[in-house]
Number of protein chains: 2
Amino acid sequence: MKTRDRILEVSLLLFNEEGESGLSSVDIANALEISPGNLYYHFKGKDAIIRALYDRFDEELRVILRGSKGGVASIEDNWVYIYILLEEIYDFRFFYRDIAGLLARYPDLAVRFRSLIAAKRNNIAQIIDDLERPGLIRVDKRLKSPLADQIITTLTFWLAGDALTKDVHDGPALIHKTVFQVMCLMVPYTGEAAPTVLGRMIRHFEEAKQ
Amino acid sequence: MKTRDRILEVSLLLFNEEGESGLSSVDIANALEISPGNLYYHFKGKDAIIRALYDRFDEELRVILRGSKGGVASIEDNWVYIYILLEEIYDFRFFYRDIAGLLARYPDLAVRFRSLIAAKRNNIAQIIDDLERPGLIRVDKRLKSPLADQIITTLTFWLAGDALTKDVHDGPALIHKTVFQVMCLMVPYTGEAAPTVLGRMIRHFEEAKQ
């Protein structure tokens, strides 16, 4: 592995484990067992590392968002899709645990983060339409925008909510719970199928927990 | 007004307007046109002011939560109740704009904030039951807990979400939009009445905006 990639990988690990605000570029160099000078050769300080990680996250998330085009043709597809989306966010979870603090420290990222939320929202709105076309869900058109907003609130604040209300954080369990949470928002729109759809989701959720 | 109360009032105003993290107790004394020594006589530093404000918020919010017992007998009652809850939170909005950052700076408040969220969640779960008893909503019992979680996510992160996605913050409009958002979560559970209930909510929302 190239040094540049190793720096990014170890930094991401440290930021996710210990939070970004308390770590310096010297801490990162120490964890890598390289000199601060060597680190500086690749990245001009911690800011540059944060930005490179954000570039990577932004790129990967947009690939996932594009990939959903026409690919969500059932409630099960949607489950899997939300799962993939949450896993990607989880890989870069330090961005989401204290969003306000992070964006105050890196204001240039705020614009990009906002644009990414807007892209996620468009994506969710499109999926609602995709599920409606074959009649899998039926949403009063006046409720479509509030439903998309609600899903985006969950996709944006699930990690902050977990950080706020729990001392012990179990990532995989949290991802499954959050997929279930998002899917529950869709259940009442599946009409007569709702009890069956929900039963299937709960079984799926219980299996995933094991 | 007593000096102690004036200090709390002006501090709340400043924290809400400019954020808490950038302000010192000297800034507060200057805004009040009193000496730092006089401020110190009433509060031993900014921490003590923050804690006194939190005491007040906690007390007022719990009064509102208790007040809902048996008082939410219709969808309209619930609208008004959520409105009152959000207005109270809005009065102390600096606590909610950057929750993670604030609780990292005042860890003793984290325990109390968590207990307050739990009380809010119990309250919302109780209201769901209250609305179900006379048949105003009907929620699959397996969806009750996810619905309460969803409403709590919105009640906790509505201000952080607004701070994240908008440059211009219009408090009254945001409160109305958030009440509407929470109420939309209930609409699909009103059964055949859903289109009528939603129509009435939208009219109410449009009138409130004027």
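Colleague: Let us begin with H9(B). At which residue does H9(B) bend, and by how much?

Modeller: H9(B) bends at Phe157(B), by about 55°. Please bear in mind that this is a predicted model.

Colleague: How many residues does helix H9 of chain B have, and what does it reach from end to end?

Modeller: Helix H9 of chain B covers residues 141-165, which is 25 residues. From its first C-alpha to its last it reaches 34 Å, close to the 36 Å expected at 1.5 Å a residue.

Colleague: And the contact between the chains: how many residues of chain B are in contact with chain A?

Modeller: On the chain B side there are 32 residues, in contact with 32 residues of chain A. Helix H7 (99-105), helix H8 (107-132), H9, helix H10 (171-186) and helix H11 (194-209) of chain B each give two or more residues to the side that touches chain A.

Colleague: Which element gives the most to that side of chain B?

Modeller: H9(B) does, with 14 residues. By residue class, the side of chain B that touches chain A divides into 18 nonpolar, 8 polar and 6 charged.

Colleague: Turning to chain A, how many helices and strands does it have?

Modeller: Chain A has 11 helices and 0 strands. Its C-alpha trace spans about 65 × 35 × 30 Å along the principal axes. Of its 210 residues, 31% count as buried.

Colleague: What share of the contacts joins residues at least 24 apart?

Modeller: The share is 66%, taken among contacts in chain A between residues at least 6 apart in sequence.

Colleague: What does the domain assignment give for chain A?

Modeller: The assignment gives domain 1 (1-44) and domain 2 (53-209). The centres of domain 1 of chain A and domain 2 of chain A, taken over C-alpha atoms, are separated by 30 Å. The contact takes 8 residues from domain 1 of chain A and 7 residues from domain 2 of chain A. On the domain 1 side, the residues divide into 3 nonpolar, 4 polar and 1 charged.

Colleague: What is Val179(A) in contact with, leaving aside its neighbours within four places in sequence?

Modeller: Val179(A) is in contact with Trp79(A), Ile82(A), Tyr83(A) and Leu86(A). Val179(A) is also one of the buried residues of H10(A), among them Phe180(A), Val182(A), Met183(A) and Cys184(A).

Colleague: Against what do the buried residues of H10(A) pack?

Modeller: Within chain A they pack against H5, helix H9 (144-165) and helix H11 (194-209), together with H9 of chain B. Helix H10 of chain A itself has 16 residues and reaches 23 Å from first C-alpha to last, close to the 22 Å expected at 1.5 Å a residue.

Colleague: Is Ile49(A) buried or exposed?

Modeller: Ile49(A) is counted as buried because 24 other C-beta atoms lie within 10 Å, and 20 or more is the cut-off. Ile49(A) lies in helix H4 of chain A. Leaving aside neighbours within four places in sequence, Ile49(A) is in contact with Ile7(A), Leu8(A), Ser11(A), Ile28(A) and Phe43(A). Ile49(A) and Arg4(A) are 45 residues apart in sequence, while their C-alpha atoms are 9.7 Å apart in space.

Colleague: One last topic, the backbone. What is phi of Glu33(A)?

Modeller: Phi of Glu33(A) is near 55°, a positive value in a residue other than glycine. Most residues other than glycine have a negative phi. Glu33(A) is placed in the loop between helix H2 (25-32) and helix H3 (36-42) of chain A, and is exposed, with 8 other C-beta atoms within 10 Å.

Colleague: What about Glu33(B): where is its place?

Modeller: Glu33(B) is in the loop between helix H2 (25-32) and helix H3 (36-42) of chain B. Its phi is positive, about 55°, although it is not a glycine. Glu33(B) is exposed, with 7 other C-beta atoms within 10 Å.

Note on methods: Residues are numbered from 1 along each chain as its sequence is written. Chains are lettered from A and ligands numbered from 1 in the order in which they are written. This is a predicted model: local features need pLDDT of at least 70, side-chain atom pairs count only at pLDDT 80 or more; totals for chains, interfaces and linings use all residues. Two residues are in contact if their C-beta atoms, placed from the backbone, lie within 7 Å. Helices (H or I, at least four residues) and strands (E, at least two) are DSSP runs, numbered from the N terminus. The expected span of a helix is 1.5 Å times one less than its number of residues. The bend at a residue is the angle between axes fitted to the seven residues ending there and the seven starting there. Ala, Val, Leu, Ile, Met, Phe, Trp, Tyr, Cys and Pro count as nonpolar, Asp, Glu, Lys and Arg as charged, and the others, Gly among them, as polar. Domain bounds come from an automatic or database domain assignment. A residue is buried if 20 or more other C-beta atoms lie within 10 Å of its own, exposed if 12 or fewer, and partly exposed in between; C-beta atoms are placed from the backbone.
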